[in-house]
Amino acid sequence: MGKFEQTKRTAPKSAGGTAAERFLSINDNCSITNHRGGGNIFQTIKNKITTREAAEIYGLKVGRNGMACCPFHPDRNPSLKVDERFHCFGCGADGDVIDYVAKLFHLTNMEAARKLACDFGVYIPKNARRAIQTPAALQKQTNRRVSEKFERWRSWAINVMAMYVNSMEEWRERFAPAPGDTEWHSLFVESLSKLDQYNYYLDVLCSGTEAEQRSFFFEMKEVIRNLDKREQSWSRKSADGRSA
Ligand SMILES: [Zn+2]
């Protein structure tokens, strides 16, 4: 049920409300709405939860002097001072409770705020709840849109490049220089320099890893766009040729 079981054992004193209320809000999946006053969600969290409370809930052993072994670098002797905020004298990590949780769980600040609100049962005003719930859902939606868009680009780019490869294969034969030719046809020369390269590009786009395909996209999108324009002008010319 709870995202973080330990929360139930050691709910922090400063989280607001009685322990029972806090547990209720946790079990209610952050759906408590009857909070008066709005304000900045980040500020609300920071006012209610100290970095030390969050750090301890998320597993950090803090000494009486507020020092702990830093979770952000290999640390044998406690070099992290943790209280309202945190600061590491070893690696320089520094920030407030939201920064700490974001860094610890590799979250955005918004996601960290949301996690803290859920885990600590902090009452989030209705208008602010939308703001903190949006990022994850929005991110998912954005990712899906980006994937779909990329997929469309990929199949288009494959078509454009396959057409170019076909043309080059044709040029290789059609414009092959006869013995004794001193000047080679420019399209024959182009096929010599580009055919292997574009066969390789096709391999990348057809069967490369996602990372390879994405970096290909960023490096080559302009080149492919220009290639497409060039191919369109060829097909216009050949259509004009036929109609003439
Ligand atoms: Zn450190």
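**Helix packing and strand pairing in a predicted model**

Reader: In this predicted model, at roughly what angle do the axes of helix α3 and helix α6 cross?

Author: Helix α3 covers residues 41-48, while helix α6 covers residues 109-120. Their axes come within 10 Å of each other, and the angle at which they cross is roughly 45°.

Reader: Are α3 and α6 parallel, antiparallel, perpendicular or oblique to each other?

Author: Angles under 35 degrees count as roughly parallel, and those from 65 to 115 as roughly perpendicular. The crossing of α3 and α6 is at roughly 45°. The two helices are therefore described as oblique.

Reader: Which class of residue makes up the contact of α3 with α6?

Author: From α3 come Ile-41, Phe-42 and Ile-45, and these meet Ala-113, Leu-116 and Ala-117 of α6. Sorted by class, this contact holds no polar and no charged residues, and its 6 residues are nonpolar.

Reader: Which strands are the edge strands of the open sheet?

Author: The sheet is built from 4 strands, which follow the order β1-β2-β3-β4 with antiparallel pairing. An edge strand here pairs on one side only, and this holds for β1 (67-68) and β4 (94-95). The edge strands are thus named β1 and β4.

Reader: Which residue in β3 stands opposite Lys-81?

Author: Strand β2, residues 80-82, pairs with strand β3, residues 86-88, in the antiparallel sense and over 3 bridges. Across from Lys-81, the residue standing in β3 is His-87.

Terms used: Residues numbered from 1 in each chain as written. Predicted model: local features only at pLDDT ≥ 70, side-chain atom pairs only at ≥ 80, totals over all residues. Axes fitted to C-alpha atoms, helices over the stretch in contact; angles between N-to-C directions. Parallel < 35°, antiparallel > 145°, perpendicular 65-115°, else oblique. Contact = placed C-beta atoms within 7 Å. Nonpolar A, V, L, I, M, F, W, Y, C, P; charged D, E, K, R; others polar. Pairing = 2+ DSSP bridges.
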